Each structure stands twice: as C-alpha cells, then as structure tokens.
Amino acid sequence: MTMEQYVEQGEELFLKTYGRYKVVFDKGDGMYLYDVNGKKYLDFGAGIAVFALGYNNKEYNDSLKAQIDKLLHTSNYFYNVPSIEAAKKLTDASGLKRVFFTNSGAEAVEGALKLAKKYYFNKHNKADGEIIAFKNSFHGRTIGSLSVTGQPKYQEAFQPIMGNVKFATYNDFNSVTELVNDKTCAIILETMQGEGGFIPADKEFIKNIRKLCDEKDIVLILDEIQCGMGRSGAIYAYKLYDVMPDILTTAKALGCGVPVGAFVANEKVGAAFTPGDHGSTYGGNPFVTKAVSTVFDLFEKNNILDNVNESSKYLFEKLGELKEKYSCIKDIRGLGLMVGMELDKPVKDIIAKCIDNGLILFSAGANVIRFLPPLIVSKENSTCFIIYMFCYRIKIIICCKL
C-alpha cells in the first residue's frame with residue numbers, strides 16, 4: 001500500500017486519541033527514521049524520550065532476540081532471572097531499595113500513589129490522606145495519574161476523578177506549605193516539568209520540599225518518567241540536586257522501546273505493601289526486564305552520560321546563537337538533552353513544517369519546542385553536522401514567520 005492508503009486505513013481503525021502527522025514509519029537506524037516511501041528523517045524526539053540508544057542498536061536487539069528464544073513470560077508467582085538482574089541495576093542506579101515493574105509510566109505513577117496512600121493508612125489506620133501535586137504538571141492519563149496532573153483541560157470530561165488532591169505552584173515553596181496539613185500523605189512532582197514547558201526545579205525549592213517531607217513524614221514522589229534515565233546528564237535528575245525521593249517513577253528510556261516502567265521506593269515506604277496490595281500480569285516479565293538490564297549495561301559500556309553532557313553543551317550553544325539572532329525566541333532552557341525553546345508564538349505549524357522537511361520535533365505546551373534526541377548524539381557520530389543542519393532548518397522556518 002502507499003503511505004496515503006496506510007494513513008487512510010489507520011484513520012478508519014484507530015480511536016481518535018492522537019493528532020497524528022500523516023507519516024507512516026517503516027524502520028529506524030541510529031539517529032534516523034525512514035517512512036514507507038524511504039524518506040529519511042532526523043529524529044530529535046526519540047519516540048518522546050524513549051529511544052536513548054537510538055534505533056537498531058545491534059547489542060540491544062541481539063539481547064532481546066536471545067531472550068525471546070529462552071523465555072518470554074512467566075507469572076509473578078515465580079521469580080525470573082532477568083527481573084532480578086534488572087531490579088538490582090535499577091536500585092543501584094537510583095539509590096532506592098524496592099522495585100515494582102509496570103507496563104508504562106502512567107502505571108508507575110498509579111503504583112506510587114497507592115504505595116504512598118498505604119504508607120499513610122498504616123500510620124493512621126484511616127484512608128483520608130491528601131496529596132499535593134503541581135499546576136502545569138503531567139503525570140499520565142489514567143484516572144489516578146490524571147488526578148495529580150495539574151492541567152484541567154485533561155480532567156474536565158472525566159470527573160469525578162480521585163479526590164483529596166491539591167495543587168501548588170511549581171518552584172514556589174510557600175504555595176506548598178500553605179497546603180500542608182496533618183492529612184498530607186504525599187507530595188508528587190516532576191524533577192523537571194515536561195509537558196508543562198520543560199521547566200527544571202529550582203535547587204532550593206526541591207531541597208526545601210525534601211526537608212519538609214522529612215519533618216512531617218510525608219512521602220516524596222519524584223516523577224522522572226521523561227527526565228530520568230540519563231536525559232538530564234545524570235542517571236536520575238534528582239542526583240543533580242543532592243536529594244533523594246521516597247518513591248521514584250521511571251519509564252520511557254528505561255526499556256528503550258519495550259513497554260516497561262517501574263516505581264522504586266526506599267525501605268521504609270516500600271515496606272507498606274504486602275501481598276495482594278498491588279499486582280500486574282505482565283509487569284516485570286523476562287522479556288521487558290531483559291531490555292531494562294541490557295539498557296543499563298549499554299549505558300555504562302557506551303559512556304552515555306558523558307555523551308549527554310558533552311552534546312548538551314554543544315546544543316545549548318547553538319540554540320543560544322539562534323536566540324541572540326531571532327527576537328521571537330524567548331527562552332532556551334532545560335537539563336542535559338531535555339531542552340525547550342520557547343517562542344512568542346504557537347509552535348504547532350513550525351513543528352509540522354519541520355517534519356515535512358525531515359526533522360522530527362515535538363512541543364511542550366503551545367509555545368515550546370522540545371528537543372529530545374537519542375542520547376547517542378555526539379560529535380564523534382556526526383553530531384556537529386546534525387545540529388548544524390537542525391539549526392539551519394529552524395532558521396528557515398522562523399524566518400518564514402509562520
């Protein structure tokens with residue numbers, strides 16, 4: 001079939017939940033994707049921060065192929081080797097102690113909320129705990145994760161959602177203290193807001209929240225589904241702030257393409273769960289956890305964090321040059337290779353034009369272009385050429401004044 005025919009068939013078959021671009025991808029390799037017509041696209045979206053290792057990584061592929069031939073799935077009534085190995089690598093990387101593997105980031109948030117509520121219930125023998133989340137946050141589209149997402153446009157049609165949630169202002173500690181009371185069981189925030197515009201937490205803000213949680217025995221949940229797994233330049237962004245969460249949520253690049261997430265807790269909070277409190281048929285099966293284990297191995301072998309920090313400096317430098325030249329660029333911000341360019345206009349048409357020209361980008365809010373390249377980007381593998389080409393295309397598009 002032609003690409004147009006595939007698109008037409010997809011429009012007939014799928015629920016209308018995505019505003020899809022009319023592109024049908026067939027394969028990927030390294031930093032590039034190829035559509036069914038063979039057109040090549042430079043990918044600065046990485047499947048929304050998923051493909052940290054790029055496409056068609058041979059060692060990753062070979063590891064999963066071998067696991068397919070060995071064992072795909074077994075019930076969580078039993079142990080399996082890949083899940084134990086993956087859990088050990090995840091706890092070592094995070095500094096936390098107890099892991100629950102999920103099928104997605106939203107499920108990781110759901111589990112984290114349940115664990116925090118159970119911890120509160122065990123202390124008080126009642127289920128009236130309140131959660132503090134943040135305006136403009138995004139934690140997912142399931143009912144629980146939606147309930148702590150601070151964007152009413154996502155919630156309106158699905159009321160009533162989970163109650164006992166209050167919303168503070170990101171990077172405003174006073175707005176948090178005003179909401180805290182004896183019923184506060186958890187504070188959940190993204191270490192760097194993603195959908196809310198690529199806004200990193202201020203160091204003093206997040207340290208004050210950690211201190212508050214320690215003083216009042218409130219569970220601190222850090223959502224690093226998008227900013228985690230090396231994208232900030234640290235394996236988890238909270239390490240840049242010298243704080244530790246009580247619960248971490250992680251997904252996306254955790255599996256680099258397979259559907260896997262996790263929530264990870266310290267020993268004190270993690271002990272709140274007992275058999276029957278939570279579960280998942282597929283969560284942590286041998287196939288997806290083999291992917292997780294392999295990702296950690298390849299991060300270390302290929303010095304991914306070093307690549308992120310080196311390439312990030314170069315990307316910020318080039319985007320900074322554009323900001324100096326074009327008044328429509330209001331801000332360049334982010335951490336590592338999670339970078340946002342805020343414009344004085346909506347970016348939807350700009351992104352569509354980029355995709356037409358073979359450059360994949362996404363937005364973060366109406367006026368922010370987000371740059372999420374695979375973490376393999378480096379000068380050694382032609383990053384210099386890639387970023388210059390990237391900047392050149394942006395210049396043309398901005399000059400068009402779309």
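An open sheet of four strands, in the order 14-15-18-17, is held together with antiparallel pairing. Strand 14 (329–335) and strand 17 (362–363) form its edges, each pairing on one side only. Here strands (E, at least two residues) and helices (H or I, at least four residues) are DSSP runs, numbered from the N terminus, and two strands pair if DSSP finds at least two bridges between them. The model is a predicted one, in which local features need pLDDT of at least 70 and side-chain atom pairs count only at pLDDT 80 or more, while totals for chains, interfaces and linings use all residues. Residues are numbered from 1 along each chain as its sequence is written, and side-chain values use heavy atoms, with hydrogens and water left out.

Within this antiparallel sheet, strand 14 is joined to strand 15 (residues 338–343) by six bridges. As a reminder, strands of a sheet pair through backbone hydrogen bonds, either parallel or antiparallel.

Strand 16 runs parallel to strand 3 (residues 40–43), and two bridges join them. Leu42 has Leu359 in strand 16 as its bridge partner.

The whole protein chain contains 14 helices and 18 strands. Its C-alpha atoms fill a box of roughly 60 × 55 × 45 Å along the principal axes. The radius of gyration, taken over C-alpha atoms, can be set against a globule rule of 2.2 Å times the number of residues to the power 0.38. For 402 residues, a compact globule would have a value near 21 Å, and the 21 Å of the protein chain agrees with this. Buried residues (under 20% relative accessible area with a 1.4 Å probe, protein chains only; exposed is over 50%, and partly exposed lies in between) make up 53% of the 402 residues. Counting contacts (heavy atoms within 4.5 Å) between residues at least 6 apart in sequence, 70% join residues at least 24 apart.

Leaving aside residues up to four places away in sequence, Gly255 touches Tyr60, Val260, Ala291 and Val295. The C-alpha atom of Gly255 is separated by 9.6 Å from that of Met229, 26 residues apart along the chain.

Finally, a few backbone angles deserve a look. Most residues other than glycine have a negative phi, and most peptide bonds are trans. Ala46 is not a glycine, yet has a positive phi of about 55 degrees. This alanine lies in helix 2 (residues 46–49) and counts as buried at 0% relative accessibility. Asn303 also has a positive phi, of about 50 degrees. Asn303 is found in the loop between helix 11 (286–301) and helix 12 (304–325), where it counts as partly exposed at 44% relative accessibility. A cis peptide bond, with omega about -5 degrees, joins Gln159 and Pro160. Pro160 lies in the loop between helix 7 (152–155) and strand 7 (165–168).
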